[in-house]
Amino acid sequence: MTETMYLTRIGHPPVRGEGGVLTYKIYCVDTGDQCGTIVTHPGTNQSVYISWYLDQEFRGKGYMFDAVAQILPRLLQHYHRIVAMIWTTNERSKQLAKRAGFHYEGTAMQLHKKSDGTWQDVEFWALVEGHHG
Ligand SMILES: CC(C)(COP(=O)(O)OP(=O)(O)OC[C@H]1O[C@@H](n2cnc3c(N)ncnc32)[C@H](O)[C@@H]1OP(=O)(O)O)[C@@H](O)C(=O)NCCC(=O)NCCS
């Protein structure tokens with residue numbers, strides 16, 4: 001039997017914010033350094049919104065994919081639908097969502113107002129209980 005080799009460890013307990021928002025710190029297993037975060041934000045009808053962030057130096061090594069793969073089964077114990085809202089321009093994030101089993105659902109036009117005053121289109125990617133993989 002092969003042992004599962006994790007690249008990352010999810011910090012416990014998550015940091016609790018207002019409105020049920022949870023921030024999970026992500027640590028690299030090999031060095032123990034904090035490399036990023038995953039934030040979850042509960043929605044209605046047993047849905048939860050997820051966002052992810054890796055510090056620049058830790059990108060391109062599969063760390064976030066590993067962390068997301070660890071956290072999804074936990075979220076599916078509590079939620080029916082997991083949603084990632086991703087800027088249309090964010091290719092790395094879309095690749096991550098796709099590899100993690102999320103499905104593209106559509107694009108909301110000009111959903112987000114950026115700091116420079118222009119509007120950003122946002123893609124909805126979802127992983128629904130029983131329909132992932
Ligand atoms: C989105 C973000 C988390 C993706 O980070 P990432 O490192 O590309 O994501 P992953 O953990 O999935 O790693 C995939 C990369 O690691 C490589 N990799 C190396 N070893 C790997 C392994 N064992 N398993 C999987 N991928 C591996 C893959 O080839 C891929 O690299 P490539 O894109 O150059 O081909 C990161 O770009 C980020 O934090 N961006 C800023 C914040 C942001 O945009 N957040 C999203 C808001 S919606």
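Student: Okay, G106: buried or exposed?
Tutor: G106 counts as exposed, because it has 10 C-beta neighbours inside 10 Å. The cut-offs: a residue is buried if 20 or more other C-beta atoms lie within 10 Å of its own, exposed if 12 or fewer, and partly exposed in between, with C-beta atoms placed from the backbone.

Student: Before I go on, what am I looking at, and how is it numbered?
Tutor: It's a predicted model, where local features need pLDDT of at least 70, side-chain atom pairs count only at pLDDT 80 or more, and totals for chains, interfaces and linings use all residues. Residues are numbered from 1 along each chain as its sequence is written.

Student: How many residues of β7 are buried?
Tutor: The count is 0 among its 11 residues, so to speak of cover, β7 is hardly covered.

Student: What does β7 pair with?
Tutor: β7 pairs with β8 in the antiparallel sense, over 7 bridges. Two strands pair if DSSP finds at least two bridges between them. A108, for one, stands opposite V122 in β8.

Student: What's in the turn of that hairpin?
Tutor: There are 5 residues between the two strands, and G117 takes a positive phi near 90° in this hairpin.

Student: What about Q46?
Tutor: Q46 is not a glycine either, and its phi is near 55°, a positive value. Q46 lies in the loop between β4 (34–42) and β5, and it is exposed, with 11 other C-beta atoms within 10 Å.

Student: Where's the cis peptide bond?
Tutor: It joins H12 and P13, with omega about -5°. P13 lies in the loop between β1 (8–10) and β2 (15–16). Most peptide bonds are trans.

Student: New topic: how many helices and strands does the chain have?
Tutor: It has 2 helices and 8 strands. From the N terminus on, they run β-β-β-β-β-α-β-α-β-β. The chain is as compact as a globular protein of that length, because its radius of gyration is 15 Å, close to the 14 Å that the globule rule gives for 133 residues. That radius is taken over C-alpha atoms, and the rule is 2.2 Å times the number of residues to the power 0.38.

Student: How much of the chain is buried?
Tutor: Of the 133 residues, 20% count as buried.

Student: And what's in the largest nonpolar core?
Tutor: It has 23 residues, and those with the most contacts inside it include M64, A84, A97 and F102. The largest share of this core, 5 residues, comes from α1. A nonpolar core is a set of buried Ala, Val, Leu, Ile, Met, Phe, Trp, Tyr and Cys residues joined through C-beta atoms within 7 Å. In soluble globular proteins, nonpolar side chains tend to be buried together.

Student: What does A97 touch?
Tutor: A97 touches A84, I86, F102 and W125, not counting residues up to four places away in sequence. Two residues are in contact if their C-beta atoms, placed from the backbone, lie within 7 Å.

Student: Last one: which residues come nearest to the ligand?
Tutor: Of the 16 residues around the ligand, those are L54, R59, G62, M64 and F65. Being near means a C-beta atom, placed from the backbone, within 6 Å of the molecule. β5 gives the most to this shell, with 4 residues.
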